[in-house]
Amino acid sequence: KPDKIKFEPSLFSIDIPIPTLDSEDESPNGKIPFKDCLNLFCKGDGVQKLDLWKTSNLLVLKLNRVKYGSKGYHKDKTFVDFPLDELDLTPYILSSEGKKNAKYDLYAVISHVGNMGMGAYSAYIRKNGGGRWFKADDSKVTLVEDTSTFRNGNAYILFYVRQGFGSYSEIKTKNNGGNDDGESKAVEPQKQGCIQSDKS
């Protein structure tokens, strides 16, 4: 049992570790399933671990691509196979309240092309919940024909929204067969929190 348990509210993002891929035999096509990253997040490092108690309606997950090796710090370009829809965090949440609705859909991605010394950021945004994807690169916005453009080893920060939450899900429902009046309401994110356990 842990020596100490502490609740730490998180208002911004959650850092998600990326497992080391020693060989392609361990993961098909050199991809790492996103659930493997979540399992590593909850497993901890033997000294302390984090468990999710309750997640927010808007979820920001940052893939930890900064690694340290024999030549110093470098960018980990492993392809993490994250879902576009139906991200289910139920198995990773401790509280019964938090488990009630823990499914999310992806609505934006920040991608970094380059290395630790230099590079460029781009944002990919999903229009009107469940609709088409667009790339925002400085002042230029273009339609994304293939999601593999950002579902690769350059994906850095993932933005998810809880299913059934606010105007995003309302617009998504309309796009799947209803009428879209073009109106949307501003929504405020709720607090999410982690339980930190220090082991002896």
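**Stop 1**

Select Lys 54 and Glu 97. They form a salt bridge, with the closest N and O atoms 3.5 Å apart. The term means a side-chain nitrogen of Lys or Arg within 4 Å of a carboxyl oxygen of Asp or Glu. Lys 54 lies in strand β4 (residues 48-54) and Glu 97 in the loop between β9 and β10, so the pair ties together parts that are 43 residues apart in sequence. Helices (H or I, at least four residues) and strands (E, at least two) are DSSP runs, numbered from the N terminus. Lys 54 is partly exposed at 33% relative accessibility, and Glu 97 is partly exposed at 48%. Here buried means under 20% relative accessible area, exposed means over 50%, and partly exposed is in between (1.4 Å probe, protein chains only).

Before moving on, note the ground rules. This is a predicted model, in which local features need pLDDT of at least 70, side-chain atom pairs count only at pLDDT 80 or more, and totals for chains, interfaces and linings use all residues. Residues are numbered from 1 along each chain as its sequence is written, and side-chain values use heavy atoms, with hydrogens and water left out.

**Stop 2: further salt bridges**

How many salt bridges does a search of the whole structure find? It finds 6. Side chains of opposite charge can pair when their charged atoms come close.

Select Lys 67 and Asp 76. Their salt bridge has its closest N and O atoms 2.7 Å apart. Asp 76 is buried, with a relative accessible area of 10%.

Now select Asp 85 and Arg 126. Their side chains meet in a salt bridge at 3.1 Å, N to O. This pair links distant parts of the chain: Asp 85 is in the loop between β8 and β9, Arg 126 is in strand β11, and they are 41 residues apart.

**Stop 3: two positive phi angles**

Step along to Glu 86, in the loop between β8 (79-81) and β9 (87-88). Its phi is near 60 degrees, a positive value in a residue other than glycine. Glu 86 is partly exposed, with a relative accessible area of 46%.

Jump to Asp 138, in the loop between β12 and β13. Phi of Asp 138 is also positive, near 60 degrees. Asp 138 is exposed at 78% relative accessibility.

**Stop 4: the aromatic pairs**

Switch to rings. The whole structure holds 4 aromatic pairs. Rings of Phe, Tyr and Trp (its six-membered ring) pair if their centres lie within 6.5 Å; planes under 30 degrees apart count as stacked, over 60 as edge-to-face and the rest as tilted.

Select Tyr 107 and Phe 159. Their ring centres are 6.2 Å apart and their planes are at 55 degrees, so the pair is tilted. Tyr 107 lies in strand β10 (residues 103-114) and Phe 159 in strand β14 (residues 155-162), so the pair ties together parts that are 52 residues apart in sequence. Phe 159 is buried at 18% relative accessibility.

Next, select Trp 133 and Phe 150. This aromatic pair is tilted, at 4.7 Å centre to centre with 45 degrees between the planes. Trp 133 lies in strand β12 (residues 133-137) and Phe 150 in the loop between β13 (140-144) and β14, so the pair ties together parts that are 17 residues apart in sequence. Trp 133 is buried at 6% relative accessibility; Phe 150 is buried at 0%.

**Stop 5: a surface patch**

Select Val 66, Tyr 68, Tyr 73 and Met 116, then show the surface. Together they form a nonpolar patch with about 480 Å² of accessible area. Patches are made of residues with over 30% relative accessible area and no salt bridge: like charges are joined within 9 Å, nonpolar side chains (Val, Leu, Ile, Met, Phe, Trp, Tyr) within 5 Å. Accessible areas come from the Shrake-Rupley method with a 1.4 Å probe; for residues, only the protein chains shown count as cover. Met 116 lies in the loop between β10 and β11 (119-126) and is partly exposed at 44% relative accessibility.

**Last stop: zoom out**

Show the cartoon. The protein has 2 helices and 15 strands. Of its 200 residues, 39% count as buried.
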